[in-house]
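Biologist: I keep seeing labels on these models, and I'd like to hear what backs each one up. Can we go through a few together?

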Amino acid sequence: AGLSYDHLVFPLNFRHPPLSDREQSQERISPKAGVIWTPLANTAVRASYTHSLGGVSYDQSFRLEPVKVAGFNQAFRGLISESVVGAAASPTFETWGAALDQKFPTGTYAGIEAELLKSEVDRTIGVLDSIGFPPRIIASSTRQNLDYEERVFAATLNQLIGKHWALGVRYRWSENDLATHFSALPTSLSAGARTEQEARLQQVNL
């Protein structure tokens, strides 16, 4: 079990023009818990629960705490795809994980695991406002909220062959939901004030 405290002070908007010279701060107390139980000599049950606060820029690639809890990753640059929303500063993360690992006398290793991953981002992006007639364009900003959830199931099977070789297969299924909300824009005035996207991904690694 553990607890971490993060306090960030960073630019309000330095990625989405027009940029802002203002700053904002964010802080978070994040609990973490993990357990590994071995009811039998070759059987392990793992579970974890973590909260985390991500970084802003260069520090997104580093952590001062362990990156895994009970074998589940808790250190992310970002859960939301940057190809969809771009880079996000100070995202919050919440993770749940459970797994069963089994080793057999034949050198076979099998495992199943499930994860629930959540991330939220509350950020400011630059916009241009048109005021009056004839229109006068001024630099401004608006708030954007990103709410992401990912459900994951994975199964692995590995076989040792002698001392130097191994064969393995891994199957991973994930279901992802992303809700984007511009809180300052009334839904009645803009169809894009709130959007929802879904994706499902299956992967097989040999």
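This is a predicted model: local features need pLDDT of at least 70, side-chain atom pairs count only at pLDDT 80 or more; totals for chains, interfaces and linings use all residues.

Biologist: Fine. Why is Ser119 called buried?

Modeller: Buried means under 20% relative accessible area, exposed means over 50%, and partly exposed is in between (1.4 Å probe, protein chains only). Ser119 has 1% relative accessibility, so it counts as buried. Ser119 lies in strand E7, strands being DSSP runs of at least two residues, numbered from the N terminus.

Biologist: What makes the Ser119 side chain and the backbone oxygen of Thr92 a polar contact?

Modeller: The rule asks for a pair of N or O atoms within 3.5 Å; within protein, one must be able to donate a hydrogen and the other to accept it, and residues adjacent in sequence count only if both atoms are side-chain atoms. Here a polar atom of the Ser119 side chain lies 3.1 Å from that Thr92 oxygen.

Biologist: And which polar contacts does the side chain of Glu27 make?

Modeller: The Glu27 side chain meets the side chain of Tyr5 at 2.7 Å and that of His7 at 3.3 Å. Glu27 itself is found in strand E2, residues 23-40.

Biologist: What makes Arg200 and Glu175 a salt bridge?

Modeller: You need a side-chain nitrogen of Lys or Arg within 4 Å of a carboxyl oxygen of Asp or Glu. For Arg200 and Glu175 the closest N and O atoms are 2.7 Å apart, so the pair meets that limit. Arg200 lies in strand E10 and Glu175 in strand E9 (residues 165-181), so the pair ties together parts that are 25 residues apart in sequence.

Biologist: Are those two partners buried or exposed?

Modeller: One of each: Arg200 is exposed at 55%, while Glu175 is buried at 16%. Both belong to a salt-bridge network that also links Glu149, Arg151 and Asp177.

Biologist: How do you know that Glu196 and Arg194 meet in a salt bridge?

Modeller: Their N to O distance is 3.8 Å, so the pair passes the 4 Å limit. By this rule the count comes to 12 salt bridges.

Biologist: What makes up the largest nonpolar core?

Modeller: A nonpolar core is a set of buried Ala, Val, Leu, Ile, Met, Phe, Trp, Tyr and Cys residues joined through side-chain atoms within 4.5 Å. The largest has 11 residues, including Phe76, Leu79, Phe93, Tyr148 and Leu178. Strand E7 (108-131) and strand E8 (136-161) each supply at least two residues of this core. Apart from it lies another core, of 5 residues, among them Leu8 and Leu53. In soluble globular proteins, nonpolar side chains tend to be buried together.

Biologist: Why is Val204 called exposed?

Modeller: Its relative accessible area is 54%, so Val204 is over the 50% line. Val204 lies in strand E10, residues 194-205. Together with Leu157, Val169 and Leu206, Val204 makes a nonpolar surface patch of about 410 Å². Patch residues have over 30% relative accessible area and no salt bridge; nonpolar side chains (Val, Leu, Ile, Met, Phe, Trp, Tyr) are joined within 5 Å, like charges within 9 Å.

How values were computed
Residues are numbered from 1 along each chain as its sequence is written. Side-chain values use heavy atoms; hydrogens and water are left out. Accessible areas come from the Shrake-Rupley method with a 1.4 Å probe; for residues, only the protein chains shown count as cover. Helices (H or I, at least four residues) and strands (E, at least two) are DSSP runs, numbered from the N terminus.
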